[in-house]
Structures are given as structure tokens and as C-alpha cells.
Amino acid sequence: MGERYDAVIIGGGHNGLVCAFYLARAGYKVRILERRAVVGGAAVTEQFHPGFRNSTASYTVSLLHPKVIRDMRLVEQGYRVIERPVSNFLPLPDGQYLTLGGGMAQSQAQFAKFSRSDAAALPAYYDALEQVADIARDLVLQGPPNVGDGMDMIFAALRQGRRIAGLTIEQQRDALDLFTKSARDFLDGWFESDPVKAVFGFDAVVGNYASPDTPGSAYVLLHHVFGQVNGKKGAWGHVVGGMGAITQAMARVVGAMGVEISLEAAVERVLVDGDRAVGVRLESGEEVIGRTVIANVGPKLLYERMMDPADLPSDFVKRIKGFRTGSGTFRMNVALSDLPDFTCLPGAGAHHQSGIIIAPSLDYMDRAFMDAKREGWSRQPIVEMLIPSTVDESLAPAGRHVASLFCQQFAPQLPDGRSWDDAREAAADHVIATVDAYAPGFARSVIARQIHSPLDLERKFGLVDGDIMHGKLTLDQMWAARPVLGHGGYRGPVRGLYMCGAGTHPGGGVTGAPGHNAARAVLKDGTLWRRWRD
């Protein structure tokens, strides 16, 4: 049967690497099995055209938890993030523009171009959002109270509920709004200007195949603001070397601790003996035996494609079948001969180092979603463009650039039985034309492009339905109910089986939190748990 391990981890994405680190630190013998020829999952940097490198899928950082950065000593491994000089740049079709960030005074001056009332409301809005975001930050590294865990569940609920109970009644109302309302309803309570609501509302549709009118979409907005960069809450930045620099640093750290990382080692089946997971079988036929099996893949991929339904409780199989996936994401990387020149703000500037959002209103975002449901993709898609080569010269030849295009509201499954294999080029042309309408000449500057349709994201990264979150971030699939109520504590329905990916609390993004929390659950259940250090 070969060598036996304390832990076998399926998937070498960042959460798998984080989980391996904490287990190895506690003395566990760990082996990571990665299907691709490169470690890192969706957080990788790859050359997509001769001389042009970029973050292939995940493309910007904020949510990576400071504790993970500190514990893994990533800074010593070269981890470095350059903050955006302004957070976002919103070009508008009428020739105006809005920037967000660069300090309160600068943001208020920008808002005042559209509404003095909105400018005045901004400090109170940030205060309200920050109070709730602080709760989210506190809960990120805590496993949810798991239904069925008896007194452990009760104590966890009391611990975590105390933080919310400590808010004023006004702050509790803000929290309720953010967890239940649509992004439009929430933002309408604060602002009156369409551009102002759009620059905030964009966060509510990132990786969310939904309208800003969809109840609960306000939470997705919150999910994207509880991070920090270089100690600055809510900030976003460019990782020098691309997102792959994070996971390569993590791989070096765990490799030095004795963790085995096997590439091109695709898992075919989780092996179950009686009621316990005992290892995995690879597509090559090799069996890898472990005391625990930890899945850093989405719940749909794990339970529907890597496990025999007969090994799972029947109700659990039914619930996983109903677990909803599909983030509506279409992802492109482009090599550019020149920087885009925006009609509303000509020439090079700080806006090229920000998140460039093409989605000028909430109505635009709603139409994009409705188009996608009806036709497969939107006639006017939502596009966020980042140009990391403006701050990282290692990514492109001198005088050239690379851009990440994160595009939203592309149906996971095309209507009328059409395949993304036949539609991907036309959809990519549509995205390029959308940017070109705001920055004439952009289309001519594209030297090469790399396209990831929802189907490409599934095939390449194992993201079922192209879902970058491993599952929708809706109230019924969050916290203690992620992925299924009764299994929100990182433990699967089979003994010895754990989950450490974005399909568990707190969800998607490059956070490292699910990996951290899953390791704690494994150690608590195992014989070496007393070695765990918080």
C-alpha cells in the first residue's frame, strides 16, 4: 500500500498549503496532491504569451489574513504588496469619471461632483460598514457553531454571538441590513447618485451571478471589504510577481517543513472503509493512504465526482445536489502594446494602478444579469480591469503591459444547449469592445489574450460551473450552513474526512482562513491536537 500519512490533502491551492503548514507545524506527516503541473490552485502566475506573465485567475489581494502571513513568515519569503493609489476608477459614458480612495478628502471631493449629500454621507457610511466588517474579521478565523456538536456548538454560538450583542442597536440594524438586503436597497439608504452607488455596488456582484436587486447581495459587498493590505483595513493591492508569488512562497515554506507536494497527481476517488475515509486513489491508479483526508476542492467536486454516493448519508447527497454553484465569471488576461487611454481621463495616471470598473450604474449591472440569464452573456458586460505591470515591471517587456479583465454576468451554462467552447471567442470580442468604447484604441493595442470562460475555469482549476467562490455566498450557504447545515465545522459526513476550501466558512477569496480553521478542527480531533498554538 506504500507510505502512510497523517493527512492527505486534495488540491494544492492556497488553502491546502495553509492547512498543510499548521498540520506540519504540529508534527503531522502531510502529502498534498495537486492535479495540475503547478502548485497554487487559482492563485498562480503564468506566462500566457512570450514575455508576458500575469495572475492567471485570482488577480488581486486584500483578504489574505495577517495571521497566516505572519505565521508562515511570507514576508521573509519575498511577499510584497503594492497598494493601489486610489481604490477604483469608474469611467462614465457621458465623459465624466469618479475615483474612490486616496484619502477621505479626495473621495469626498470626487463624490461632490455628483452629489454634495453623498459626499457628506461618506464618513458615516464607512463607519457603519467598518463596524460590521470588524465583526466579519473577528469571525473569519473561528469555526462556526456546528449544529449537532452539543456543548461545543453552544459555547461557540455564545462566543460569537457576544460580539454582535455588543453592538449598539443602530449598528445591529446596519448588520441586519448588510446580511439580508439587496445591494441596491442598502445603498439607496445612504446615497442618491448613480455613479456613487455603482462604485460601491460593484463589490456586490463580484463572483456573484445575481442582480444588485437580489436580496442578500449586500453581504457580498461586505465580503469584499473585510480585508486589509499592509495594515490598512479595506485596502487592495498588487502582489509583486503576481498571485503565484503567494502560493510559491507558501510551497517553499511547507516544503522546508517536510510536506510532500505531488504535482500532476489527480485524485479520482476518496477511499472509504466502513464509515471512515482512509485515503484516495489517483487517476494513475496509485493509492495514497492517510489517517485523515482533507479536501481543498469545492463541495460539488468532492461529493459528486470524487465519492461514491453509497458512502454518504442519503440526505447529505440530496443537500449537496441542491448546493448552488456558478459565479457568472468570465476571466481574461491580455498582453498590451500600450496603456489604455480613457476618453474621460486621457494620459497615464494613478487610475491605471487602480481597479478600473466598467459598470456605471446599478441599473447597468441589473441589465447585465438579466441579459446573461436570457442570452448567455450581457450585451453590456461588467468589467473590472487591473494593469499590474504599471507597478511590477517583471510581468511584461519594457514599454508593454499586461491587464487582468475580470468580467461578470456570463451564464455558467449557456441557454439552448450551446457550449462555451463555441461561444468563448465571441464573448471575448464583446468584452474587448466594451473596454474600447471607454478607451478608444484599446482593441488595437491587444497583442494576445488568454480566455477563461466558465467552462474553462471548471476544466482548468476544478471550479464547478466556473464558480470562483466554490459555491454561492447566499444566506442558506453561509457560516454554519456552508456547505451543509451540520457540516459547517470543516468535518465531512464520513469520519476522517475534512474540508478546507472556499466551500466552507468564510467562503471565497484568497484568505487562507478555511485552511487555517480546518487544520484546527483536524488537530482538535486528533491525537496531536495539544500541540496547536493559536
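Here the request and the answer turn to helix H17. Which helices and strands do the buried residues of H17 pack against?

Analyst: This is a predicted model: local features need pLDDT of at least 70, side-chain atom pairs count only at pLDDT 80 or more, and totals for chains, interfaces and linings use all residues. Residues are numbered from 1 along each chain as its sequence is written, and side-chain values use heavy atoms, with hydrogens and water left out.

Helix H17 covers residues 513-525. Helices are DSSP runs of H or I with at least four residues, strands are runs of E with at least two, and both are numbered from the N terminus. H17 spans 19 Å from its first C-alpha to its last, close to the expected 18 Å. That expectation is 1.5 Å times one less than the number of residues.

Of the 13 residues of H17, 10 are buried, so the helix is largely enclosed by the rest of the structure. Buried means under 20% relative accessible area (1.4 Å probe, protein chains only). Among the buried residues are His-516, Asn-517 and Leu-523.

These buried residues pack against helices H1, H2 and H4 and strands S14 and S20. Contact means heavy atoms within 4.5 Å.

Take H1, residues 14-25. Its axis comes within 7 Å of that of H17, and the two cross at roughly 35°. Axes are lines fitted to C-alpha atoms over the stretch in contact, and angles run from 0 to 180 degrees between N-to-C directions. On the H1 side, Asn-15, Val-18, Cys-19, Tyr-22 and Leu-23 make the contact. Their partners in H17 include Pro-514, Ala-518 and Val-522.

Technical notes
Buried means under 20% relative accessible area, exposed over 50%, partly exposed in between (1.4 Å probe, protein chains only).
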